[in-house]
Each structure stands twice: as structure tokens, then as C-alpha cells.
Amino acid sequence: MSPTPSPAAACPASSGWWVVILGGLVAAWGLGLSALRIATEGPGVLGVNNDVPWGWDIVLFVYWIGLGHAGTLISAVLLLTRQRWREPIAHYAEWMTLCAVGTAAVFPLVHVGRAWMIWQVTPLPVASGVWPHPGSALMWDAAAISAYALLSLLFLHMGMQGARARSAGLRPLWERSCVLMAGVLTPTVVLVHSVVACDFATTLRWHWPLMPPFFVCGALLSGMAAIILIALWRRCEARVHDCLARLTLALALIIGIFYALELQDSPAMWSGEYALMLGLNVGLPCLFLIPAARTCKPLLALVAVGILAGMWVERSLIIISRSIVETGGAYAPTGVDTAMLVGSVGLFFALFAAGALYLRRHSAAPAPRLNPDTAPPAAPGRAALAGAAGGLLLALAWLLLTGGADTAGAAGHRPEGLFIAFPIITVAGLLGAGLALFFHLRHRLHP
């Protein structure tokens with residue numbers, strides 16, 4: 001058997017600096033100039049109106065948050081399930097999460113118009129008299145996404161400390177810390193997009209009970225497509241491509257079930273745009289039912305790009321087309337909307353390429369795994385049982401975390417009592433656990 005090439009050798013030899021420079025220039029043109037126009041002329045330069053209060057800018061926010069979802073989750077869950085094929089893509093997937101979250105953070109900041117006055121929405125009662133309701137999903141959103149971004153950064157940093165831990169004789173401690181951090185991040189990932197779904201119940205009065213799991217599965221599907229492209233760029237072995245294709249197929253079929261339930265609930269949503277979304281997100285991944293398609297690189301790239309486009313169409317349908325169905329209004333994106341779309345793509349590629357240059361120089365750092373010298377890979381049956389148990393626990397968590405959302409009377413009452421603080425307490429607890437793990441490991445590695 002021929003030796004497997006190292007990740008460093010598998011990477012393209014080009015420096016990648018041209019991607020950083022070109023992406024930065026596109027971001028400065030698309031996002032920078034658009035933000036300046038919005039700040040000086042107001043949000044009226046966007047295509048939003050009374051009937052469609054959220055346009056392409058919020059579509060982009062939800063899209064980029066979803067794209068970064070699978071980056072950390074695939075690394076964390078595959079670490080917990082002892083899938084060794086994750087190693088060539090783990091650090092790049094985690095970095096993709098941070099790039100996507102950083103890109104998404106631009107849009108809520110720009111959408112307010114006068115960004116320098118955003119401090120007025122912070123809970124400073126003496127200065128502004130603002131007292132956020134702890135049961136509001138909008139408050140959960142800011143807390144969950146901030147915690148998720150910070151924990152993802154710490155998880156990436158911890159994973160890069162393998163060489164130092166090995167030289168200090170602390171590799172077992174390092175691996176246990178990474179595994180525990182993965183356990184903290186997994187529910188955090190689910191929480192993040194669940195509260196994004198609750199935002200729509202709060203703001204746009206969409207009270208479909210399956211919105212949180214629908215959003216999470218859709219985010220995972222788009223993120224998985226991006227991971228496939230990373231694996232192709234990294235020139236990973238065929239086994240990695242096959243495993244990613246199988247996971248993508250499973251998520252696509254789950255999303256297809258949600259689409260069917262949505263159409264049953266709202267038949268008026270059916271349109272040519274909906275058919276396009278269905279074909280890209282469900283029909284195209286069904287090619288992975290053919291074993292040869294799961295290792296065919298051109299076909300993998302085609303399906304991944306198709307899913308990324310299809311998830312953009314889905315976010316547009318959820319945020320814009322659904323508003324039009326409810327209100328009978330209209331929406332037309334402006335040149336500023338289009339420039340922000342192009343600029344966000346440039347910003348993402350510039351950030352990812354800059355980080356990839358650093359990761360490539362440190363690609364020899366070992367990736368954490370559970371008992372790497374003695375533990376065999378998890379058996380398929382055991383992994384399936386663990387996945388089923390984990391899915392049940394996550395479903396219960398969804399009920400707890402989203403059942404008390406302050407949806408402006410959607411359930412006929414406002415949540416009261418201590419339960420309304422449960423999501424914030426959960427976020428704070430997960431964040432505290434992650435910080436404790438990080439600083440404990442750092443103290444041992446840097447006494």
C-alpha cells in the first residue's frame with residue numbers, strides 16, 4: 001500500500017495571497033461602500049419596505065451563519081464519535097466557521113443604518129432606558145451567536161496545541177480537553193440556529209413549530225456542502241469524500257421531509273423558485289445514492305455548489321417570499337443589495353485564504369482524537385445508536401429552549417416565571433464550561 005500523502009503535501013503549492021488581496025478589494029467595494037451609503041443616506045437605499053422589512057441583507061446574515069454551522073459541528077461530532085477521517089479537514093472546517101460568522105456579523109451592524117448609534121440598543125438602563133425581555137428570542141440570538149463564535153475560536157486554538165502538548169508530555173490532558181470542548185460546542189451549535197429560527201416567530205409572526213429543527217438541518221446541509229469543497233481543495237482521500245457525501249445525502253433527505261411538511265401547511269408557497277430550491281437541495285444530492293458518484297470529484301463539486309446556491313434560494317424564500325405571501329407586497333433588490341452580496345463573498349474568501357496560509361504552515365500539528373493509540377474506530381452500529389440517542393436529547397433540548405420564546409402572543413400568553421431565563425442561563429453555562437476548559441489547558445501548557 002502506498003503511503004498517504006501528508007496534508008501539507010496535499011495542499012496546492014500556490015501561496016494564496018492573491019485570493020486574500022482580491023477578496024479584500026471586493027469586500028471593500030461591496031461592503032465598505034454600501035455601508036457608507038447606508039450610513040449617510042439611510043436604509044432606504046436597500047430594497048426593504050413595509051411589506052418586506054427584511055431583505056437581502058438579513059438573507060445574507062442567516063445564510064452565512066448557516067454556512068458556518070457544519071464547520072465546528074462536523075469537527076466536534078466526528079471527534080466525539082471517533083471518526084479518524086476528519087483529521088485532514090478538521091482545522092480548516094473550524095476556521096471556515098469563524099470566517100462565516102465574521103462575515104455574517106457585518107449585516108446586523110450595517111442594517112441599523114447609523115451604526116455608531118448601536119450602543120443605544122444595549123441594556124444600559126441609566127443611559128437609554130432599555131430593558132430587554134429575557135424571554136425574547138432576539139436577546140437569545142445575540143448571546144448564542146457571540147458564545148458560539150468565541151467557543152469555536154477557542155476550540156480551534158486548543159486543537160492547534162497538539163505539538164506543544166506532546167512535547168510537554170500532556171497529550172492525554174489535551175485530548176480530554178478537546179473532547180470535552182467538543183461536547184460543549186455540540187449543543188451550542190444547535191442552540192444558535194434554533195434561536196435564529198425563533199427570531200422569525202418573534203418578528204414576522206411565523207409560528208411553525210418545526211422552524212428550529214428546520215433551520216438547524218438546513219444550516220448543516222449548506223455547511224456540509226462547503227466542507228465538501230474544502231475536502232476537494234485539500235485533495236483528501238476517497239474515503240473522506242465518500243463519508244461527506246453520505247452525510248450530505250442524509251441531511252438532504254431530512255430537508256426534503258421538512259419541505260413536504262411546509263408545503264402541506266402553506267400550499268401558497270409553491271412556485272418556480274420553490275421548485276428550484278427543491279431540485280438543488282434535495283434532487284441533486286440524491287445522485288449520491290450511486291456509490292461511484294460519492295467519489296467522483298467533478299460531481300462532488302457540482303452537488304456542493306448546487307446546494308450552496310439552493311440554500312441561498314431557501315433563505316430568500318423564507319425571509320422574503322413568505323412575507324410577500326402573507327402581505328401581498330413586493331420586493332426588488334437594489335444595486336446596494338447586490339453589491340453587499342458580492343462583497344460578502346469577497347470578505348469570506350479573503351478571511352478563509354488568510355487563515356489557510358497560517359494553517360498550512362502548521363498542518364503537521366496532530367489533530368485530537370479519543371485514545372488514538374488503543375481505541376479502534378467506532379463500530380457503525382454503535383455510532384448509529386449514539387447518534388439516535390443524541391438526536392433524542394437534542395429534540396428534547398429544542399422543546400425546552402424554543403418552547404418559551406416570547407413570540408408576541410403566538411401561544412396566547414407571554415412566558416412568565418423563571419423559565420424565561422432558561423435559554424440565557426444555558427448559553428452562559430456552556431460558555432463558562434468552555435472558558436474553564438480552555439484556561440485550565442492553557443495553564444497546564446503555559447505554567
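Predicted model: local features only at pLDDT ≥ 70, side-chain atom pairs only at ≥ 80, totals over all residues.
The secondary structure comes to 17 helices and zero strands.

Now the cores. The largest nonpolar core has 99 residues. Which members touch the most others? Trp64 and Leu244 do. Helix H11, residues 211-233, gives the most to this core, with 15 residues. There is also a second, separate core of 21 residues, and Ala165, Val179, Ala182 and Leu437 are among them. In soluble globular proteins, nonpolar side chains tend to be buried together.

Stay with Leu244 for a moment. Leave aside its neighbours within four places in sequence. Leu244 is then in contact with Ile74, Trp85, Ile89, Met224, Ile227, Ile228 and Ala231.

Next, the aromatic rings. How many aromatic pairs does the structure hold? Ten. Let's look at two of them.

Start with Tyr63 and Trp64. Their ring centres are 5.6 Å apart and their planes sit at 75°, so this pair is edge-to-face. The cut-off for that label is over 60 degrees. Are these two residues buried or exposed? Tyr63 has a relative accessible area of 12%, so Tyr63 is buried. Trp64 is at 4% relative accessibility, so Trp64 counts as buried too. The line for buried is under 20%.

The second pair is Tyr259 and Tyr274. Here the ring centres are 6.0 Å apart and the planes are at 70°, so the pair is again edge-to-face. This pair links distant parts of the chain. Tyr259 is in helix H12, residues 238-265, and Tyr274 is in helix H13, 15 residues apart. Tyr259 is buried, with a relative accessible area of 1%. Tyr274 is also at 1% relative accessibility and counts as buried.

Ring pairs also build a cluster. Its members are Trp56, Tyr63, Trp64, Tyr92, Trp233, Trp312, Phe348, Phe349 and Phe352.

H13 covers residues 272-283, and H14 covers residues 297-327. The axes of these helices come within 8 Å and cross at roughly 145°. Which hand does the crossing of H13 and H14 have? The crossing is left-handed. On the H13 side, the contact is made by Glu273, Tyr274, Leu276, Met277, Leu280 and Asn281. On the H14 side, the residues include Gly306, Ile307, Ala309, Gly310 and Met311. By class, this contact has nine nonpolar, five polar and two charged residues. Notice Tyr274: it belongs to this helix contact, and its ring pairs with Tyr259.

Ser34 lies in helix H2, residues 17-41. Ser34 is buried, with a relative accessible area of 3%. Beyond its neighbours within four places in sequence, Ser34 is in contact with Trp29, Val336, Ala339 and Met340.

Asp57 is found in helix H3, residues 56-67. Is Asp57 buried or exposed? Asp57 is buried, at a relative accessible area of 2%. Not counting residues up to four places away in sequence, Asp57 touches Leu46, Phe107, His111 and Asp337.

Definitions and conventions. Residues numbered from 1 in each chain as written. Heavy atoms only, no water. Axes fitted to C-alpha atoms, helices over the stretch in contact; angles between N-to-C directions. Helix = DSSP H or I, 4+ residues; strand = E, 2+ residues; numbered from the N terminus. Left-handed = near helix turned anticlockwise from the far one by under 90°. Contact = heavy atoms within 4.5 Å. Nonpolar A, V, L, I, M, F, W, Y, C, P; charged D, E, K, R; others polar. Phe/Tyr/Trp six-rings, centres within 6.5 Å; stacked < 30°, edge-to-face > 60°. Buried < 20%, exposed > 50% of the residue type's maximum accessible area, 1.4 Å probe, protein only. Core = buried A, V, L, I, M, F, W, Y, C linked by side-chain atoms within 4.5 Å.
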